[in-house]
Amino acid sequence: MTPFTFILTQETGWLSPIAKLFGFIMNALYEFQELFGIQKLAVCIVLFTIVTKMIMLPLQIKQQKSTKLQALISPEIAEVQKKYEGKKDTDSMRMQQEEIQAVYDKYGTNMMSGCLPLLITLPVIWGMYRVIYAVPAYVHDIYQMYASVAKNIMEVDNYATPILYFVSQNNLMVRTIKQFSEVNATGTLTLNHLIDTLYAFNTSTWEKFQDVGSWIGSVPAWLETANTDGVKIMGLSVGESLKACDASAFTSAVNSIGSNITQIISVNGLFAGLNILDNSGWKFPGIIIPLASGLTTILQTKLVQVPKKDEKKKSNEPDPTAQTMKAMNYFMPIMSIIFCATMPICVGIYWIFSSVISTIQSLCINKYIDKVGVDAIIAKNVEKLKKKREKYGIVTGNQTASVAKQNTKNIEHPYTSSNSNSITKYAGGYKNNSKNENSSETSNNSTKYKAGSISSYANYFSGDDKNKKYKK
């Protein structure tokens, strides 16, 4: 039978650097509030939320700029897709992709620009949750509170036996339990592992734990069963390394730490007897947290919506982007209520204030974007895109710019000829007619194209150019 095992109290995976950074921030904020005589983890979490949202502000700005541009891009992309609806041949598919790329070039962005900030944000959020779920691992003064309780308990021989009995009887989910292999032959736990276990206690759990006389007498019978038939805690076998504990000595130790436990309950306390480690649930007053979370999520989705273009309102065609956003506007508040009702209140506090701060930031960012003007943002994006392409030796020429300047809905459908060269004729139709233009050209079936233009690339990949040569 496998004995006990725990992992270290701090995050040790690939999120470890992010968790340590945010743990450092939370520790500094807790010490800051102590300067004003405040010792409340709920207040610290609110301050923590504000600071972390400010750190993530550049990503939010980038995301909102992308959302603004996407509101302009989507109708034009829809027009392109509508033109080629039902056309599955190679030439049509290639032209559709070229036109779509021309639209993105016109705005100086790309299809993945809105995804990158989200991909970066996710690990950051996971790292923050790791800190919130294991505050004693990162906040020194909170650690000391739990350590003072744990050290008194550890003075009792074989203290792990009643502790693990209590965990099993109260169905506690100790975050760091993986498999029970670190309880050695004497049945001891490390200080950090015991603190992790105690951190899973909420107000009602502490009250049961302090009423030690009501449950300590059942430990010997449980231990006998564990050593013979085997007992599982969180699906893991325990019992071989556990030994009997002196009930009177353990009771005396628990009674001696009553003031320390009161301090821990106070630090974790909120209002109306709530504890930030309690699950909110569906009853009053806990239900206030998930309802507040749902309300703030609704306000966030309503206040920061990007207005649709006027021409789309007149169209009878369904807008897939609008339909998706509408579904998300209903889905997110419902999910926030469910999550916050089933998770510890500390997570709900973070969710609520995260929505509030995000809403304020979004309104300010939108005001800034409106003041600067979308055209200025587009011009800046186009310039950045140009420099990036020049850096990698990609020259698009004036023809691509000519395509980008046109609204794709005004481009006539080129697929009107059965001629096999229709795609090259279409691409060549956007040639710059300036007589003073000096450029290298490449030929394909008597049609000349400027080097580096969409036409030359289309001609290159069409298979008509036997030599496959063009100049960049």
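Student: What makes the link between the side chains of glutamine 64 and serine 362 a polar contact?

Tutor: Happy to start there! This is a predicted model, where local features need pLDDT of at least 70, side-chain atom pairs count only at pLDDT 80 or more, and totals for chains, interfaces and linings use all residues. Residues are numbered from 1 along each chain as its sequence is written, and side-chain values use heavy atoms, with hydrogens and water left out. A polar contact is a pair of N or O atoms within 3.5 Å; within protein, one must be able to donate a hydrogen and the other to accept it, and residues adjacent in sequence count only if both atoms are side-chain atoms. The side chains of glutamine 64 and serine 362 are joined at 3.0 Å, so the term applies. Glutamine 64 also makes a side-chain polar contact with asparagine 366, at 2.9 Å.

Student: Why is glutamine 64 called buried?

Tutor: Buried means under 20% relative accessible area, exposed over 50%, and partly exposed in between (1.4 Å probe, protein chains only). Glutamine 64 has 10%, so it is buried. Its place is helix α3 (residues 57–83).

Student: How do you know whether leucine 189 is buried or exposed?

Tutor: Leucine 189 has a relative accessible area of 4%, so it is buried. This leucine sits in the loop between α7 (160–169) and α8 (191–199).

Student: And what makes lysine 391 buried or exposed?

Tutor: Lysine 391 reaches 69% relative accessibility, so it counts as exposed.

Definitions and conventions: Helices (H or I, at least four residues) and strands (E, at least two) are DSSP runs, numbered from the N terminus.
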